Amino acid sequence: MNDTDRRSMPLFGIGIVMKLTELTARQIRYYEENELIHPERTEGNQRLFSFNDVDRLLEIKNYLDKGLNLAGIKLLLNEEDSEKEQKEEEKALPQKQKSDLTDKELRAILRQEITEANRFGKANLRQGELARFFVNR
């Protein structure tokens, strides 16, 4: 289990979160109503908070201390979330691009390898294997 999975595990009841964040239960419920946090629920409908939820609550508290209102905080947090998602997509994109080569693109790359293999007296290791698929023109 990696660190991101551990940080997102719902572990804490609202009492512990109140002590950790120095917020009241009413404030925490209010932030949930305004969709600033999304704690998990047990079968008995009890809220369980993760480390990420506690961090988010401390962030909200910090923004409120600086004078931001809830609408501004919500915009900031949504922007941060979208930036994180974008970074994750960008990390996955190069892997996706490698696997999304069309047959035509792959053939062009392989043909180029074959034609450039004998340049400067160096042979490509795949040349013998690839040459059988192409007819020299």
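**Close-up views of a predicted model**

**View 1. Leu36 sits in the loop between α3 and β1 (40-41).** Helices (H or I, at least four residues) and strands (E, at least two) are DSSP runs, numbered from the N terminus. The model is predicted: local features need pLDDT of at least 70, side-chain atom pairs count only at pLDDT 80 or more, and totals for chains, interfaces and linings use all residues. Residues are numbered from 1 along each chain as its sequence is written, and side-chain values use heavy atoms, with hydrogens and water left out. Is Leu36 buried or exposed? Leu36 counts as buried because its relative accessibility is 3%. Buried means under 20% relative accessible area, exposed over 50%, and partly exposed in between (1.4 Å probe, protein chains only). Leaving out residues up to four places away in sequence, Leu36 touches Tyr31, Arg56, Ile60, Leu70, Ile73, Lys74 and Leu77. Contact means heavy atoms within 4.5 Å. Asn78 is 42 residues from Leu36 in sequence, yet their C-alpha atoms are 8.7 Å apart.

**View 2. Helix α2 (residues 14-21) crosses helix α3 (residues 25-33) at roughly 100°.** Their axes come within 10 Å. Axes are lines fitted to C-alpha atoms, for helices over the stretch in contact, and angles run from 0 to 180 degrees between N-to-C directions. From α2, Ile14, Val17, Met18 and Thr21 meet Ala25, Ile28 and Arg29 of α3. Five of the contact residues are nonpolar, one is polar and one is charged. Ala, Val, Leu, Ile, Met, Phe, Trp, Tyr, Cys and Pro count as nonpolar, Asp, Glu, Lys and Arg as charged, and the others, Gly among them, as polar.

**View 3. The largest nonpolar core has 14 residues.** Such a core is a set of buried Ala, Val, Leu, Ile, Met, Phe, Trp, Tyr and Cys residues joined through side-chain atoms within 4.5 Å. Val17, Ile28, Tyr31, Ile37, Phe49, Leu57 and Ile60 touch the most other members. Helices α3, α4 (51-65) and α5 (70-99) each supply at least two residues. The most come from α4, with four. Apart from neighbours within four places in sequence, Phe49 contacts residues including Met9, Phe12, Val17, Ile28 and Leu57.

**View 4. Arg7 lies in helix α1 (residues 3-7).** Arg7 counts as partly exposed because its relative accessibility is 26%. Beyond residues up to four places away in sequence, Arg7 touches Ser50, Phe51, Asn52 and Asp55. Arg7 and Phe51 are 44 residues apart along the chain, with 5.0 Å between their C-alpha atoms.
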